[in-house]
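Reader: I have a structure to study. Could you take me through it?

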2 protein chains.
Amino acid sequence: MSVPDPARRNERSRRAILEATRALLTETGYADLTIGAIAARAGVGKQTIYRWWNGKGAVVLDAMVEAAENAGRELPDTGDLRTDLLLVMRATVAEFADPALSETTRAITVETLLDEELAAQVRDRLLRPQLDAVKKRLRTARLRPGLDLDQVVELLFGPLYHRWMLRTGPLTDDYADGLVDLAIAAVTPAWPQP
Amino acid sequence: MSVPDPARRNERSRRAILEATRALLTETGYADLTIGAIAARAGVGKQTIYRWWNGKGAVVLDAMVEAAENAGRELPDTGDLRTDLLLVMRATVAEFADPALSETTRAITVETLLDEELAAQVRDRLLRPQLDAVKKRLRTARLRPGLDLDQVVELLFGPLYHRWMLRTGPLTDDYADGLVDLAIAAVTPAWPQP
């Protein structure tokens with residue numbers, strides 16, 4: 001059939017816009033990113049972008065959410081919690097240590113502090129799925145009884161976020177390993193089980 | 001002696017300005033705070049404030065640093081680490097849960113994300129002494145060998161900061177207690193010592 005399909009055309013434009021956004025973020029950074037540059041790169045009109053998004057922060061958020069979805073959020077389950085957490089925390093620490101990604105995340109953070117609606121979107125669409133993936137993996141592990149798994153997940157991501165935001169120390173593999181070791185010690189049953 | 005002492009007069013003005021800043025932060029919040037209002041309240045000219053500080057963020061930072069110094073940063077040492085950490089973490093969680101203080105801290109956070117010099121000042125003058133006070137208390141406790149105490153301190157403050165910034169959950173005494181229990185489990189020697 002050669003009848004044009006508007007839904008499919010829209011979907012193609014949407015994907016081109018988000019892909020252009022990610023490419024430009026890497027090349028020029030968040031501060032210099034403009035809706036005009038995204039439109040030119042994606043081969044659409046600026047009005048197409050403004051029809052679907054109310055500004056730069058919203059497009060960038062969708063671009064990041066799509067990238068996270070494509071990367072896959074499920075944690076591996078090797079049977080050894082430490083091994084699986086090391087993998088995810090080293091990868092997450094490396095993301096925060098990456099200058100381009102870090103700059104984008106800082107810029108988005110500023111916008112979320114000024115815009116509660118965007119903050120809720122970042123939390124629920126970008127952050128929550130990541131936290132939930134770790135929580136899901138924790139559920140299959142043998143842990144101390146009575147733990148609040150939300151708090152356990154924050155024990156991993158909270159210190160990293162604090163260190164990144166406030167620049168209090170290096171963001172290295174060694175750091176990620178130390179963080180995992182502390183969290184593992186926090187959740188491991190105090191006595192050997194039969 | 002009735003000879004006027006400029007240094008003493010300056011010190012009196014400085015204190016009046018910082019006290020006025022703290023009073024206005026409580027009454028009107030950071031967003032509506034102006035240098036003019038601080039000057040009027042402190043009984044000084046605006047130019048006096050601009051002679052010592054380059055803007056609102058810098059005055060507010062000094063006001064917060066002075067308040068923290070007056071409150072005293074030393075942790076108690078009852079001999080029981082859990083008791084002492086509960087005290088400091090409940091107090092810190094309550095500070096982040098306080099709407100006026102939280103709004104000020106959020107506003108300062110936005111400014112630190114846009115101003116690296118201010119960020120370094122906040123980190124070194126406001127945050128670091130608080131982290132160091134906890135680190136000092138940890139040094140007198142019996143902990144697992146080989147721990148990085150900077151990471152242990154971040155295990156307490158990081159999750160709280162993450163939860164507060166991203167509004168992922170309640171900030172209550174129960175939350176503070178759970179946080180301390182996890183941290184204690186993370187640092188306690190794995191086997192009973194003689």
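Reader: By what turn can chain A be laid on chain B?
Author: This is a predicted model. Two copies of a chain are related by a rotation about an axis and a shift along it. Here the shift along the axis is 0.0 Å and the RMSD is 0.0 Å.

Reader: What percentage of the contact residues of chain A recur in chain B?
Author: Both copies use the same surface. The share of chain A contact residues that recur in chain B is 100%.

Reader: Is B:Lys135 buried or exposed?
Author: B:Lys135 sits in helix H7 of chain B, residues 116–139. Its contacts beyond four places in sequence are B:Leu149, B:Asp150 and B:Val153. The cut-off for buried is under 20% relative accessible area. B:Lys135 has 16% relative accessibility, so it counts as buried.

Reader: Where in chain A does UniProt place the "DNA-binding region"?
Author: The entry is unreviewed. The stretch 34–53 of chain A is 75% helix and 0% strand. Its end C-alpha atoms are 13 Å apart. UniProt places the feature at residues 34–53.

Reader: How far apart are the end C-alpha atoms of residues 11–71 of chain A?
Author: UniProt, in an unreviewed entry, gives these residues as "domain: HTH tetR-type". The chain there is 80% helix and 0% strand. The end C-alpha atoms are apart by 20 Å.

Methods
Residues numbered from 1 in each chain as written. Chains lettered and ligands numbered in written order. Predicted model: local features only at pLDDT ≥ 70, side-chain atom pairs only at ≥ 80, totals over all residues. Heavy atoms only, no water. Least-squares fit on C-alpha atoms with pLDDT ≥ 70 in both. Contact = heavy atoms within 4.5 Å. Helix = DSSP H or I, 4+ residues; strand = E, 2+ residues; numbered from the N terminus. Buried < 20%, exposed > 50% of the residue type's maximum accessible area, 1.4 Å probe, protein only. UniProt positions renumbered as here; feature names shortened; annotations may be inferred.
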